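Visitor: I would like to learn how to read this model. Please start with the terms, then show me the cases.

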Amino acid sequence: MDNLIQQFFQHIKVGAKQSHKNMTLYCLLAAREADADFLTLDDALNERVLQVTEVDDAGEVPELKVRNRSDRKILVLDGEELVGAKQNRVLNVTILIAPESETVIPVSCVEQGRWSYRSREFGSARRAMSASMRKKKSETVAMSLEEEGSFRSDQGTVWAEIDAKYARMATPASPTMAMADLYEAHRETSEDYLKAFRPVDNQIGMVVFIDGEVAGVELLGKFESLKKNHSKLVHSYVMDALETLDAKKIKARSKASKARANKILESAGKAAVEKRKSVALGQDVRLESDEVVGAGLEFEGQVLQMTVFMKDHQGQAEETRRAMSRASRRRSSFLD
């Protein structure tokens with residue numbers, strides 16, 4: 001247990017409930033916010049003060065180069081998608097980029113069938129990897145940290161999860177099996193969900209239920225940061241809710257109670273905490289209890305971002321390790 005993390009969760013209040021079909025969201029509120037100043041990824045790219053490129057002309061699948069040309073910090077979130085260059089990528093962890101700096105960041109490919117330039121620089125897709133896929137990716141990053149101190153994901157596992165999601169959502173394969181094509185195929189149905197969920201005053205996060213079960217918790221340390229990333233984060237859960245949408249599941253959402261939302265926050269606040277130097281500014285934070293796992297970023301004694309998922313059963317965790325082993329062999333074959 002860590003006092004800072006415990007106090008952070010203790011000051012969060014579960015607020016209004018919002019629901020649509022088989023998905024329910026509880027707004028998480030706070031009386032105060034972090035006082036750190038930073039730009040979001042989308043704002044930084046719009047203002048042309050952030051340049052994201054391949055690390056060199058040849059490129060490296062698990063790494064990109066970012067140049068912050070502004071005098072402000074930039075917060076990029078775990079799972080945010082960058083499109084262009086040689087292939088689309090997502091962030092492996094949340095990173096706070098220092099002003100006027102150049103940083104190499106860890107990423108995962110979400111477009112396995114392309115390795116050729118579409119542009120010299122990356123742009124924002126204004127979306128994040130689905131919550132279920134972020135959870136799997138985060139598990140492999142945690143294993144890499146444990147085994148080799150690296151923020152790398154298992155690329156083969158990421159590709160396998162995208163393939164499986166195409167299958168579960170009955171989506172025809174695209175030429176490059178890009179995550180972007182999967183989102184586009186379900187754009188109209190997703191928009192129907194997104195209209196039902198809106199940020200509220202003093203909101204710093206959300207607990208999301210799908211089919212009456214906890215799908216995850218998203219927290220950002222600043223009200224404005226949550227507001228700007230709200231649609232992106234909600235969309236990541238909508239892509240999971242669409243997999244199981246039917247009348248029976250809609251009825252199951254009644255199990256999504258405020259008491260259960262409070263319980264997951266309580267468990268996260270009591271979790272064991274491990275901290276290490278982040279990729280750029282601040283500290284990478286990892287949480288684990290009997291019920292939950294989490295990852296986020298702390299900067300100058302303040303939590304800027306945190307995601308919490310329900311913990312897999314032991315059998316599921318072991319299957320993830322086996323899947324990583326199989327996927328690693330697949331990745332080696334592709335990269336060779």
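Guide: Buried means under 20% relative accessible area, exposed over 50%, and partly exposed in between (1.4 Å probe, protein chains only). At 64% relative accessibility, D35 therefore counts as exposed. This is a predicted model: local features need pLDDT of at least 70, side-chain atom pairs count only at pLDDT 80 or more, and totals for chains, interfaces and linings use all residues. Residues are numbered from 1 along each chain as its sequence is written, and side-chain values use heavy atoms, with hydrogens and water left out.

Visitor: Where is D35 found?

Guide: D35 lies in the loop between β2 (23-29) and β3 (38-40). Strands are DSSP runs of E, at least two residues; helices are runs of H or I, at least four; both are numbered from the N terminus.

Visitor: Where is A170, and is it buried or exposed?

Guide: A170 is in the loop between α4 (155-168) and α5 (179-185). A170 is exposed, with a relative accessible area of 68%. A170 also has a positive phi of about 50°, although it is not a glycine.

Visitor: How do I check the length of helix α9?

Guide: The expected span is 1.5 Å times one less than the number of residues. Helix α9 (residues 258-269) has 12 residues, so it should span 16 Å; its end C-alpha atoms are 17 Å apart, which agrees.

Visitor: Which residues of α9 are buried?

Guide: A261, I264, L265, S267, A268 and G269 are buried.
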